[in-house]
Amino acid sequence: MLDVIKPATPIAPSLDEKALARALSGRHFIGGRFVAPLSGGTFAVVNPATGIEVGHAADGDAADVDVAVLDAARAQKEWAKMPARKRGALVAKCAAVIREHVEELARLIALETGKALRTESRVEANTVADVLEFFGGLGSELKGESVPFAPGVLSVTVREPLGVVGAIIPWNVPLLLMSLKIAPALVAGNTIVVKSAEEAPLTVLRICELMARVLPAGCFNMLSGFGPECGGPLVAHPLVRKVTFTGSVEVGRIIARAAAEKLIPTTLELGGKSPMLVFADCDFEKTVTGAVTSMRFTRQGQSCTAASRIYVERAIFDRFVAAVGDRVDAMVMGDPLDEKTDIGTMISAEQFGKVRGFIEEGQATQGATGRACSRLPDDPALSKGLFIQPYIFTGLPDDSRLVRQEIFGPVTCVFPFDDVEAVLAEANDSEYGLAASVWTNNLKVGLDLAHRLEAGLVQINQNLVVQANLSYGGVKSSGLGKEASLESMLEHFMHKKTIMVNYS
Ligand code: ADP
Ligand code: MG
């Protein structure tokens, strides 16, 4: 199909997110330039706060995947020859370009995902620059070791890149989660093909274009499309030598099976049902604030590390539940692009329906109480927006679907507890093991629990999101492998070769 004429993307940072969305519409980014999908197909990108279509994305399939992967494979040969510190310096230079465009990227991601600008979108765009800067400085850390094998034999290991990396990303924090994959992959000497999420294809495409101002053509390629039709062929492509995926457990299993056919390594960052344990001796106000942050309600709970099960020692249970509810109640729900807004929208009608289903089930459960917090916006322009009032449930039975399953919405279940061993057992009684937090001023109790909680990340008296330099990744059904750290780059984007020299 002929590349239809579209408005060119702006060189300077743009604060007109609607014009930018239109300019980015209908194209992949392959080999250093925008290209139309071979099939000619596109799908709509909708602003979830208004229901209005803001652009359209290229509907990629196996043919586009093949073009992108071949390009990435060509580029990889040269990229890997570049001194590692120079690769790192280029990635750090990308960080500087992203920094200049933070406001632009924040507005665009707010437009396509409904995430509030002040509380979520701007924070995310800044973190991308931070992650690129961090990994950009690690070029000289790609070290191997020497092994004392025998006299007269020098035995060393060297780390080498894997080749072309396929990355499949979700819609909830697409910029940040993508940066955790592309930055270490590139610094390690791989090239990369990203398949964006159907719901959020435009801002990541802009990032790819911005980084292409710095990187050699073909090092970083971006495809949009649907999971089975575009993500599937990417995982299956013979030249893709590593897959890194963030998304649902169900799709994680599909990807792991496909990767097993090719015997390639995978990193999987999947769901969570993260517990928060609150003791009566905690710093009460700090912990209430911590709970509000932990629930990730500013992102409508669309977070894998959201504290979706909160266990509170009985002595402070009622007071704590009331205080947290009052705080959430005071949060402002509204236009994601308005600076006053704390809470934006759900991502899609599908997620909206799913989360409403959980809430209705909670409300219909005997003995359970759900407090609806905050208020739906009354602006008529937002009447079709996917806004949901956050819910805090108490009195749910242990086997409720709301307690067992990942809701990925603004719903938290709170329970009282009396006994440390019993609450630890409850916290660990989950298919998931991504994150957990413990709130107490008794460090003996806190550290003991930190060691015994089944989770990839345990925090005491805080619950931050992913940070550069700290390994992130779950156990049990929450995933395989780590991201965000030096270790993640060395272990998951490189392999070690042994070289022996007999000089005797
Ligand atoms: P959600 O259901 O919340 O969208 P998914 O795990 O389905 O989460 O999606 C995460 C990413 O995985 C998206 O980019 C999606 O397109 C992709 N995906 C979905 N199904 C497949 C599949 N069968 N093969 C490869 N990628 C897939
Ligand atoms: Mg899906």
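Which residue has a side-chain N or O atom 2.6 Å from an oxygen atom of ligand 1? In this predicted model, where local features need pLDDT of at least 70, side-chain atom pairs count only at pLDDT 80 or more and totals for chains, interfaces and linings use all residues, side-chain values rest on heavy atoms, with hydrogens and water left out. Residues are numbered from 1 along each chain as its sequence is written, while chains are lettered from A and ligands numbered from 1 in the order in which they are written.

The residue in question is Ser 248, whose side chain places an N or O atom 2.6 Å from an oxygen atom of ligand 1, a polar contact in the sense of a pair of N or O atoms within 3.5 Å. An oxygen atom of the ligand also lies 3.3 Å from a side-chain N or O atom of Trp 171, and a backbone N or O atom of Gly 227 is found 3.4 Å from a ligand oxygen. Of the 550 Å² of accessible area that ligand 1 has on its own, the protein covers 82% (Shrake-Rupley method, 1.4 Å probe).

Ligand 1 is surrounded by 18 residues, the closest being Ile 169, Lys 195, Glu 198, Phe 245 and Ser 248, where a residue is counted if one of its heavy atoms lies within 4 Å. This shell comprises nine nonpolar, seven polar and two charged residues, and its largest share, four residues, is contributed by helix H8 (helices being DSSP runs, H or I, of at least four residues).

Ligand 1 sits in the largest pocket, as more than half of its atoms lie within 2 Å of the pocket's grid points. A pocket is defined on a 1 Å grid over the protein atoms alone as an open set with protein on both sides within 12 Å along at least five of seven lines, lining residues having an atom within 4 Å of a point, whereas a cavity is a set of points where a 1.4 Å probe fits but cannot get out. The largest pocket has a volume of about 1,100 Å³, and among its 37 lining residues Phe 245, Gly 247, Ser 248, Glu 250 and Val 251 lie nearest its centre. Helix H9 supplies the largest share of this lining, six residues.

Five cavities of 30 Å³ or more are found in the whole structure. The largest cavity has a volume of about 100 Å³, and Gly 301, Ser 303, Ala 306, Ser 308 and Phe 408 are the closest to its centre of the 17 residues that line it.

Conventions:
A polar contact is a pair of N or O atoms within 3.5 Å; within protein, one must be able to donate a hydrogen and the other to accept it, and residues adjacent in sequence count only if both atoms are side-chain atoms. Helices (H or I, at least four residues) and strands (E, at least two) are DSSP runs, numbered from the N terminus. Ala, Val, Leu, Ile, Met, Phe, Trp, Tyr, Cys and Pro count as nonpolar, Asp, Glu, Lys and Arg as charged, and the others, Gly among them, as polar. Grid points are joined across faces, edges and corners, and a volume is the space filled by probe spheres set on the points.
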